[in-house]
Each structure stands twice: as structure tokens, then as C-alpha cells.
Amino acid sequence: MGLLHICIFSLRTRDLMRSGVIPKSKKPIWFDVYAAFPPLREPVHRELHPLYGKVRETVPAILYKEDEIRAKFYEAYGNGPKAFELSKLNFQSTCQRFVEKYTELQQQGEVGEDSLFEETGKALLAEGLILRRRMTGSVAQRVPQEDSSKDAVLTRLQGVLQKMQDDPKA
């Protein structure tokens, strides 16, 4: 048997068996048959071209409801407070715990869809999981918003103080 008659796959398999990656007890069934009766021509894979134009395979986008929740989570919180522990078999990422709590609260139906995301964060906080929101936008954009909210609170407090001064009995 000449080397020219052996397929590249049988050469790879032979080398893997020699190096011990594939034990001899797990040798493929076809290996001995292929060595005894090699093909006359090397098997070559060829793509068949259609006669008329290109055939396009359309693969539909596979999106699950959980994917939308995960996207919102990563946008709001990033990767979470701790790294992934892939060495543990039963490890759950912070995002996975969030998704499970979200679906649990959604199935209970006690929380409206609008506030479900925030309520899930609060429920996980009650369980001891602290989530930290990511900074969005630049700091320069956030400062005026904080000032305006402080102004609104200050105005409200001044109004309450004015009412208390006007009505000393209350």
C-alpha cells in the first residue's frame, strides 16, 4: 500500500493513534477497511453549483425572550460585580440569576411590565445580590441633570418650609 493511496483523514487518524490522543481501543471502524482497500482516487469535497443563479439559504434570527432581558441587563449593569466561575459546575452568573428572577416575577403577575426590570433589581438586592449601574454618557452631561434635580428638591423643601412658617400650628 502506497502513501499516495491513503486519505488525509486516515493519515490524521493514524497520527492521532500513534501520539495516544485516540486510544487503540477507540480506533474508528473504517480505519482498517480503508487501509486494506484504499480508494483509487482521493475523495475530494466539491461544492455543487446550481444551474440557475445562486441558492441562498436563509437562516432565521433566533432570539428568545431571555435574550432581550440579558441585553437590557448588560446595558444597565455591565458584566456584574463578580467574574464568571466556570470551574464550578453549578455556577450561575449574575445575569442568569437576574433573568430567572425576572421571569419568576413576570409569571407571578404582581408587578407591571413597566417596572418589572427595576423590581427585579430590588428583589435581588433583598436576596443580598448588589447590582451596580453602569455610567451612561459622559460626566459632563450628568452634572447639569444632577443640579436640576437638586434644584427641584431644594425648591420643594423651601415650599414646605414656607408653609410651616406661615402656619405655626401645624
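Figure 1. At a relative accessibility of 12%, Lys101 counts as buried (buried denotes under 20% relative accessible area, exposed over 50% and partly exposed in between, with a 1.4 Å probe and protein chains only). The residue is found in helix 4; helices (H or I, at least four residues) and strands (E, at least two) are DSSP runs numbered from the N terminus. Neighbours within four places in sequence being left aside, Lys101 is in contact with Thr120, Ala123, Leu124 and Glu127, where contact requires heavy atoms within 4.5 Å. This is a predicted model, in which local features need pLDDT of at least 70 and side-chain atom pairs count only at pLDDT 80 or more, while totals for chains, interfaces and linings use all residues. Residues are numbered from 1 along each chain as its sequence is written, and side-chain values use heavy atoms, with hydrogens and water left out.

**Figure 2. Overall architecture of the chain.** The chain contains six helices and zero strands, giving the pattern α-α-α-α-α-α along the sequence. Of its 170 residues, 18% count as buried. Among contacts with a separation of 6 or more, 49% are accounted for by residues 24 or more positions apart. The accessible surface comes to about 14,800 Å², and 57% of this area belongs to carbon and sulfur atoms; the areas are from the Shrake-Rupley method with a 1.4 Å probe, and for residues only the protein chains shown count as cover.

**Figure 3. The largest nonpolar core.** This core has 15 residues, of which Phe73, Tyr77, Phe98, Tyr102, Phe117 and Leu131 touch the most other members. A nonpolar core is a set of buried Ala, Val, Leu, Ile, Met, Phe, Trp, Tyr and Cys residues joined through side-chain atoms within 4.5 Å. Two or more residues each are given to the core by helix 3 (65–77), helix 4 (94–108) and helix 5 (116–126), and the largest share, five residues, comes from helix 4. Residues up to four places away in sequence not being counted, Phe98 touches Ile69, Phe73, Tyr77, Phe117, Thr120, Gly121, Leu124 and Leu131.

**Figure 4. The buried face of helix 3.** Helix 3 has 13 residues and reaches 18 Å from its first C-alpha to its last, close to the 18 Å expected at 1.5 Å a residue; the expected span is 1.5 Å times one less than the number of residues. Ile69, Phe73, Ala76 and Tyr77 are buried in this helix. Seen down the helix axis, the buried residues of helix 3 fall within an arc of 75°, so they line one face; the arc is that of the directions from the axis to the C-beta atoms. These buried residues pack against helix 4 and helix 5. Just after helix 3, Gly78 takes a positive phi of about 75°.

**Figure 5. Aromatic pairs around Tyr77.** The structure holds nine aromatic pairs. Phe73 and Tyr77 form a tilted pair, 5.2 Å centre to centre with 45° between the planes. Rings of Phe, Tyr and Trp (its six-membered ring) pair if their centres lie within 6.5 Å; planes under 30 degrees apart count as stacked, over 60 as edge-to-face and the rest as tilted. Phe73 is buried, with a relative accessible area of 0%, and Tyr77 counts as buried at 9%. Tyr77 also forms a stacked pair with Phe117, at 6.1 Å centre to centre and 15° between the planes. This pair links distant parts of the chain, with Tyr77 in helix 3 and Phe117 in helix 5, 40 residues apart. One aromatic cluster is formed by Phe73, Tyr74, Tyr77, Phe98, Tyr102 and Phe117.
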